[in-house]
Amino acid sequence: MLPTSSIKRLVVVSAVLMLTACSGNKGISSLTPQSQNVASGQTRAAQSTCTPSTLGTAFAVLAIDAQAQVHLEQGAYINGDTGMDSTQGQIHLEQNSVINGRLHLVSASATQVQNQGTITGGIVYDPSVLSAAANNAEDVSCYDNSLPTTIPSPSTINLSQGQSLTITGATGVNVLRFSAVDMGQNSTLTFQAPAGSKFIVNVAGEAHPQQNAKVLVKGGISSSDVTFNFIGNQGDIHLEQGVVWDATILGVARQETHLEKNVIVGGVIVVDGQIGRA
């Protein structure tokens, strides 16, 4: 991840997103619009079919709820474009917060912008791009959730303080299904596989890594090769201070995504709701 700044309530979710000081999003991978099958704000889970798709590189952060809220506290930093596919949204940048890229909005009247920070690329209005990116994210989440599990164990993550666990995958697409992801302070979860491989981790419940916990990748893969796909709307995504999460967060129906100080997220964040204060 890049500079110190955090993304709070981020990743495909439809609620509030908040980024606090000293936490950042690398913006290594993001969303590229590819399909337009679902109206903005509607979750693909309600559809009968799932369209295969992939996340691209258009947005580092994307909020897709009609009333999405994004709050960047002092020192928060997003490295890449930020999108809000929202008709009644709010975004608040506190002093010394930075979006190192463009802020994409539906229209000048759709989102209330309180800007005491810096948006290096300015504000642009492109509803069709935002809608397509949101639809694409929902397609990805739906399709990933439809895939059969290839690694049946573990079925949940519950690491105690300082504990480490490595999950080794085969060449190709490795699919896991967790009931929740709970990690104690200074614990480490590592995904390892040959180059060209991917991990899709479908999570039914919460994710709560405590202070300085780490989700890492090794072998031949990078952060863009690991996607945590949070299914349904049960359970918050809460990354405590100092957490390193070297993977994409995809939560198209999750209402709360909270990233505390000094959090580093290596992949894309897509959320359906609120990113902001805890």
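## Close-up views of a predicted model

View 1. A search of the whole structure turns up 4 aromatic pairs. Here, rings of Phe, Tyr and Trp (its six-membered ring) pair if their centres lie within 6.5 Å; planes under 30 degrees apart are called stacked, over 60 edge-to-face, and the rest tilted. Phe228 and Trp245 make a tilted pair, at 4.6 Å centre to centre with 55° between the planes. This pair links distant parts of the chain, with Phe228 in strand β21 and Trp245 in strand β23 (residues 244-245), 17 residues apart. Helices (H or I, at least four residues) and strands (E, at least two) are DSSP runs, numbered from the N terminus.

A word on the model: it is a predicted one, so local features need pLDDT of at least 70 and side-chain atom pairs count only at pLDDT 80 or more, while totals for chains, interfaces and linings use all residues. Residues are numbered from 1 along each chain as its sequence is written, and side-chain values use heavy atoms, with hydrogens and water left out.

**View 2. The sheet of 6 strands.** The strands of this open sheet run in the order β3-β27-β24-β21-β18-β15, and the pairing is parallel; two strands pair if DSSP finds at least two bridges between them. β3 (61-63) and β15 (173-178) are at the edges with a single partner strand each, so one side of each has no neighbour in the sheet. From one strand to the next, the twist averages 15°. Zoom in on β21 and you'll find 3 bridges joining it to strand β24 (residues 248-250), the two running parallel. Thr227 stands opposite Thr248 in β24. Helix α1 packs on this sheet, touching β3, β15, β18, β21, β24 and β27 (269-271), and its direction makes about 90° with that of β21. Contact means heavy atoms within 4.5 Å; axes are lines fitted to C-alpha atoms, for helices over the stretch in contact, and angles run from 0 to 180 degrees between N-to-C directions.

**View 3. The sheet of 3 strands.** This open sheet has the order β6-β9-β12, again with parallel pairing. Strand β9 (residues 103-105) pairs with β12 over 3 bridges, and Leu103 has Ile123 of β12 as its bridge partner. α1 lies across β6, β9 and β12, at about 95° to β9.

**View 4. The largest pocket.** Its volume is about 340 Å³. Of the 18 lining residues, Ser53, Thr54, Leu55, Lys198 and Thr227 lie nearest the centre. α1 (127-146), β18 (198-203) and β21 (226-230) each give the lining at least two residues. On a 1 Å grid over the protein atoms alone, a pocket is an open set of points where a 1.4 Å probe fits, with protein on both sides within 12 Å along at least five of seven lines; lining residues have an atom within 4 Å of a point. Points are joined across faces, edges and corners, and a volume is the space filled by probe spheres set on them.

**View 5. A cis bond in a loop.** Ser153 and Pro154 are joined by a cis peptide bond, with omega about 5°. Pro154 sits in the loop between α1 and β13 (157-159).
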